[in-house]
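Hi,

Here is the structure I promised to pass on. Have a look at it first, then read my notes below.

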Amino acid sequence: MKLTKQNSIEKTNQVYDAIVIGGGAAGLSAGIYLQRYLLSSLIIDKGKARSVWMQELHNYLGLPPDTPGKTLLKQGKEHYLTLGGDLLNAYVEEVTDEGETFLVRVKVGRTNSIYVEFRAKYIIAASGIIDHLPALEKMQNVFDYAGYNLHVCLLCDGYEMQDKKVGVFASSESAAQVAFSLGWFTPYITVFTQGLFNVSYELRQKLNEHGYFLVETPVKQFLGENHQMSGVELEDGSVVNLEAGLISMGSRYHSDYLQSIDLEYLGGNLVTDKMGRTSHPRVFSLGDLKVGMNQVVVAAADGALSATQIWRDIRRQTGAKRNLDRLAA
Ligand SMILES: Cc1cc2nc3c(=O)[nH]c(=O)nc-3n(C[C@H](O)[C@H](O)[C@H](O)COP(=O)(O)OP(=O)(O)OC[C@H]3O[C@@H](n4cnc5c(N)ncnc54)[C@H](O)[C@@H]3O)c2cc1C
């Protein structure tokens with residue numbers, strides 16, 4: 001059922017088997033599996049998933065390669081709702097471990113917000129990450145191209161950049177290393193530091209050896225039209241023509257709400273076992289937020305694994321009792 005500001009209060013007495021934080025590919029897949037295991041679940045999603053930014057999903061088995069992320073999410077939400085799952089568009093502020101259950105504090109509505117608290121036996125953190133973008137004076141100029149031919153994901157879009165003149169927009173020496181992996185797809189690479197870091201002698205040498213260019217003057221704006229970036233204008237007024245771009249500036253990890261729980265992280269990613277279980281036995285993490293490959297197919301598989309493990313846990317704890325209760329009913 002779709003929950004709203006009005007009816008979400010009715011669900012505050014229920015203890016869900018699992019609350020899933022994030023309704024992207026990972027969270028929706030987990031929700032679909034949980035419901036099909038006859039478990040109760042609530043997905044809380046604030047919207048604006050990374051997948052919405054994905055204009056075309058190029059590499060997902062069975063879907064046309066121009067499928068927009070939006071379509072995948074819309075169908076995923078509809079599928080989940082038809083299985084009887086609860087879905088709330090809201091922001092999770094905090095999760096507290098109460099022992100047997102978790103208390104999930106949620107802000108519903110951007111204006112005239114209300115605060116609601118839900119409880120669950122298991123938490124699935126599927127809240128993803130969001131990529132840092134070049135901070136230009138007019139951010140709309142970045143949004144016009146990001147996700148089109150100004151890419152953020154080499155694994156997703158290396159193929160799209162084959163033999164093109166590509167600008168790599170890096171925020172640090174280590175982030176600039178992506179240029180060497182991109183070199184598998186194209187030899188025409190210019191690394192832009194945007195004036196954000198000093199380039200070491202070693203990196204200069206390596207770029208030079210590969211035949212790549214280096215531009216240290218900050219970028220003033222991206223040039224182009226109809227969402228197709230065709231180059232950059234630098235702060236000194238000069239123009240560099242490009243056919244595509246790759247942003248490599250790190251990410252923000254959506255895990256603030258887990259602060260009060262002691263979990264193991266690697267960088268900003270949650271460390272999990274192969275079923276998605278974190279260092280807390282009843283907290284799972286999926287998709288981009290956990291250590292692993294940031295791909296839709298992986299996020300969807302993570303959802304299947306975590307839901308299956310939660311079902312196994314609950315089934316084993318329940319033992320014969322559930323059967324006897326059903327026979328007696
Ligand atoms: C431009 C672009 C192109 C891409 N192209 C491809 C491609 O071609 N193929 C491919 O496989 N992958 C691609 N990817 C990667 C892919 O989008 C991600 O790997 C995938 O979306 C990860 O899914 P997720 O469910 O982990 O996270 P997301 O899809 O980001 O979903 C997480 C959700 O959690 C919500 N959330 C966060 N914090 C909270 C909170 N506190 N409370 C409630 N909700 C919260 C977010 O708003 C979001 O809706 C691309 C990514 C980008 C940015």
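This is a predicted model: local features need pLDDT of at least 70, side-chain atom pairs count only at pLDDT 80 or more; totals for chains, interfaces and linings use all residues.

Let's start with the overall layout. Where the two touch, domain 1 puts in eight residues and domain 2 puts in six. On the domain 1 side of that contact you'll find three nonpolar and five polar residues, but no charged ones.

Now for the ligand. It has 39 residues around it, and the closest are G22, G24, A49, G128 and G287. Several elements give two or more residues to this shell: α1 (25–36), β3 (41–45), α2 (50–53), β5 (91–97) and α9 (296–318). Sorted by class, the shell has 18 nonpolar, 15 polar and six charged residues. So where does the ligand sit relative to the domains? Domain 1 and domain 2 both contribute residues to the shell, so the ligand lies between them.

Three strands form an open sheet in the order β13-β14-β15, and the pairing is antiparallel. β13 (219–225) and β15 (239–241) are the edge strands, each pairing on one side only. From one strand to the next, the twist averages 30°. Three bridges join β14 (residues 228–234) to β15 in the antiparallel sense. If you want to find a bridge on screen, go to G231, whose partner in β15 is N241.

Cheers

Terms used:
Residues are numbered from 1 along each chain as its sequence is written. A residue is near a molecule or strand if its C-beta atom, placed from the backbone, lies within 6 Å of it. Helices (H or I, at least four residues) and strands (E, at least two) are DSSP runs, numbered from the N terminus. Ala, Val, Leu, Ile, Met, Phe, Trp, Tyr, Cys and Pro count as nonpolar, Asp, Glu, Lys and Arg as charged, and the others, Gly among them, as polar. Domain bounds come from an automatic or database domain assignment. Two residues are in contact if their C-beta atoms, placed from the backbone, lie within 7 Å. Two strands pair if DSSP finds at least two bridges between them. Axes are lines fitted to C-alpha atoms, for helices over the stretch in contact, and angles run from 0 to 180 degrees between N-to-C directions.
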